[in-house]
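Subject: Handing over a structure, with notes on what was found

Dear colleague,

I am passing the structure below on to you, and my notes follow directly after it. Please read them with the structure open beside you.

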Amino acid sequence: MNEMKYDMFRCLSSLQKNSIKYMHKMIEDHDLRGCHPPALYIIYKNPGLSQDDVAKKLKFHKGAVAKVIKMMLQSGFIKREEDPDDKRKYRLFLTEKGEDAIPLLMEGQRKYEETLTKDMTDEQKRVFIALMEKSSYNLSTAVAKKSASDHKETACSLKERRAEIRNANREKLEAFREKTHRQGRS
């Protein structure tokens, strides 16, 4: 069983690495970076999203999305417009350059999926997708539970650490008072 687990991890790692390499090759001549396509596609499908909305849809950290958005703004793929209902927010839209990139991304995705599932029957493709979705759900659920338990453990360990520091400070204060008291008697 352990060998099967190793093979699964090795296969998934290889699939991820090769997927990234494949997509980079598809977009490298078009001023796109590896992190652009998912965000660009989300904005294409949902014009006017805020940066936070993009992060939620992609299920990425806000900080990572902020960097991607900044790069795409600088590269001219997207533009920001002030939200008329909330002056603190900006809405994101594709520029002409961004719109021109969409057919390239769609074709890249089609070729990627075609290459990935080459020699698979339609049934094998359906099963493959279902298994990937199930695995992704299992991992995201486990990560969420782990994050929650880590947060509880961190909170507990912080309380313990604060108590240790308070005790150490009390001991130092008592030692200082004792030393000062002895010096005062001398």
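The largest pocket has a volume of about 2,000 Å³. In this predicted model, residues are numbered from 1 along each chain as its sequence is written, and local features need pLDDT of at least 70, while side-chain atom pairs count only at pLDDT 80 or more and totals for chains, interfaces and linings use all residues. Side-chain values use heavy atoms, with hydrogens and water left out.

A pocket here is found on a 1 Å grid over the protein atoms alone, as an open set of points where a 1.4 Å probe fits, with protein on both sides within 12 Å along at least five of seven lines, and its lining residues have an atom within 4 Å of a point. Grid points are joined across faces, edges and corners, and the volume is the space filled by probe spheres set on the points. The lining of the largest pocket consists of 41 residues, of which Gln-16, Phe-60, Tyr-112, Met-132 and Ser-136 are the closest to its centre. Two or more lining residues come from each of helix H1 (2-27), H2, helix H3 (51-58), helix H4 (62-75), helix H5 (96-116) and helix H6 (122-185), and H6 gives the most, with 11 residues. Helices (H or I, at least four residues) and strands (E, at least two) are DSSP runs, numbered from the N terminus. Sorted by class, the lining has 26 nonpolar, 10 polar and five charged residues, where Ala, Val, Leu, Ile, Met, Phe, Trp, Tyr, Cys and Pro count as nonpolar, Asp, Glu, Lys and Arg as charged, and the others, Gly among them, as polar.

A search of the whole structure also finds two aromatic pairs. Rings of Phe, Tyr and Trp (its six-membered ring) pair if their centres lie within 6.5 Å, and planes under 30 degrees apart count as stacked, over 60 as edge-to-face and the rest as tilted. Tyr-22 and Tyr-112 form a tilted pair, because their ring centres are 5.9 Å apart and their planes stand at 50 degrees. This pair links distant parts of the chain, with Tyr-22 in helix H1 and Tyr-112 in helix H5, 90 residues apart. Tyr-22 is partly exposed, since its relative accessible area is 26% (buried means under 20%, exposed over 50% and partly exposed in between, with a 1.4 Å probe and protein chains only). The rings of Tyr-41 and Tyr-44 are likewise tilted, because their centres are 6.0 Å apart and their planes are at 45 degrees. Both of these residues, Tyr-41 and Tyr-44, lie in helix H2, three residues apart, about one turn of the helix. Tyr-41 is partly exposed at 27% relative accessible area, and Tyr-44 counts as partly exposed at 35%.

Helix H2 (residues 36-45) also holds His-36, which counts as buried because its relative accessibility is 0%. Leaving aside neighbours within four places in sequence, His-36 is in contact (heavy atoms within 4.5 Å) with Asp-31, Val-68, Met-71, Met-72, Ser-75 and Phe-77.

Arg-80 lies over the face of Tyr-90, at 4.6 Å from the ring centre. A charge sits over a ring if NZ of Lys or CZ of Arg is within 6 Å of the ring centre and within 35 degrees of the ring normal. Thr-95, in the loop between strand S2 (90-94) and H5, touches Gly-76, Phe-77, Ile-78 and Lys-79, not counting residues up to four places away in sequence. With 17% relative accessibility, Thr-95 counts as buried.

Within helix H5 you will find Gly-108, which is buried at 3% relative accessibility and, beyond its neighbours within four places in sequence, is in contact with Met-23 and Met-26.

Most residues other than glycine have a negative phi. Lys-59, in the loop between H3 and H4, has a positive phi near 60 degrees and counts as exposed at 74% relative accessibility. Asp-119, in the loop between H5 and H6, has a positive phi of about 70 degrees and is exposed, with a relative accessible area of 73%.

With kind regards
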